[in-house]
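Here's a quick walk through the fold and its packing. Have the viewer open while you read.

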Amino acid sequence: MDSDAVICIDDLWVRYGDRVVLENINLTVYSREIFSIVGPNGGGKTTLLNTILAFKEPIQGNIQVMGENPKKIRKSGIIGYLPQKSEYDQYFPVNVFDVVAMSRFARKRSWGKLNNKDRECIHDALKMVEMADFENRHFGSLSGGQQQRVLIARALAIQPKILILDEPSTGLDAVAQDTFYHLLHKIRDREDITIIMVSHDIGTVSSVVDQIACLNKSIHFHGNPDEGIPSEALEKVFGRDIQFLIHDEHCKTCEKRNE
């Protein structure tokens, strides 16, 4: 395994029942990259994450996370994970601090009290996502973008080396999405961690990530999106009629973010 690689995947095959959903996946993610896996719904993106997280067993191939089997890594705190946004009871009486604290409680052998180290990690995570002033606010009263920041803080509170996000910008408007991706860069640079995120929006993520993998059962492109993604790969992943927009320095949304 390359000394700078945090995840190495070699000839990975995964199936559900009799149906193969991932085949011949070869992928390397390096330290401090912001890496995106893009593809259509049903293309295997979440399945690939679940396999990296050791929630799903492959039928063939090998995965190493930080040089170890994913099963050994899963409960170590090396990976912080934000699953796809799910519905919740907005009236459930939980504040921002409590939501972030859940990740610290999950690492304890028994349901004990938070210690000083736990509280320090929670406060640091909230500061990192610029939500420290909201720690006593009811979680359900926050905007969608603020909730996503809090959920990222929950994943960061365990001080991971790798942060995995599944469709993190779903439900956010264009300005909130761009602010969100700007935050991810700040987190990567400040905390020196690797970020892997799944998205179906290739146009947006292409301008904010270091490396991109286009996935539809197999990987049809893996590289730097600034160097261009072949039209043949896009057709195999998204279909013949795909069109997408890429943010650049002339984008009004990006200008607004930097005001």
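We'll take the sheet, then the helices lying across it, then the nonpolar cores.

Keep in mind that this is a predicted model. What order do the strands of the open sheet come in? There are 6 of them, running β5-β6-β7-β3-β8-β9, and the pairing is mixed. Going from one strand to the next, the twist averages 15 degrees.

Strand β8 (residues 211-216) pairs with β9 in the antiparallel sense, over 5 bridges. In that pair, N216 stands opposite S218 in β9.

| Helix | Lies across | Angle |
|---|---|---|
| α1 (residues 45-52) | β3 (34-38), β5, β6 (162-166), β7 (194-199) and β8 | about 150 degrees to β6 |
| α6 (residues 174-191) | β3, β6 and β7 | about 155 degrees to β7 |

On to the packing. In soluble globular proteins, nonpolar side chains tend to be buried together. Which residues touch the most other members of the largest nonpolar core here? Out of its 48 residues, the answer is I152, L156, L165 and M197.

Leaving aside residues up to four places away in sequence, M197 touches I34, F35, S36, I37, L165, P168, Y181, L184, V205, V208 and V209.

Notes:
Residues are numbered from 1 along each chain as its sequence is written. This is a predicted model: local features need pLDDT of at least 70, side-chain atom pairs count only at pLDDT 80 or more; totals for chains, interfaces and linings use all residues. Side-chain values use heavy atoms; hydrogens and water are left out. Two strands pair if DSSP finds at least two bridges between them. Helices (H or I, at least four residues) and strands (E, at least two) are DSSP runs, numbered from the N terminus. Axes are lines fitted to C-alpha atoms, for helices over the stretch in contact, and angles run from 0 to 180 degrees between N-to-C directions. Contact means heavy atoms within 4.5 Å. A nonpolar core is a set of buried Ala, Val, Leu, Ile, Met, Phe, Trp, Tyr and Cys residues joined through side-chain atoms within 4.5 Å. Buried means under 20% relative accessible area, exposed over 50%, partly exposed in between (1.4 Å probe, protein chains only).
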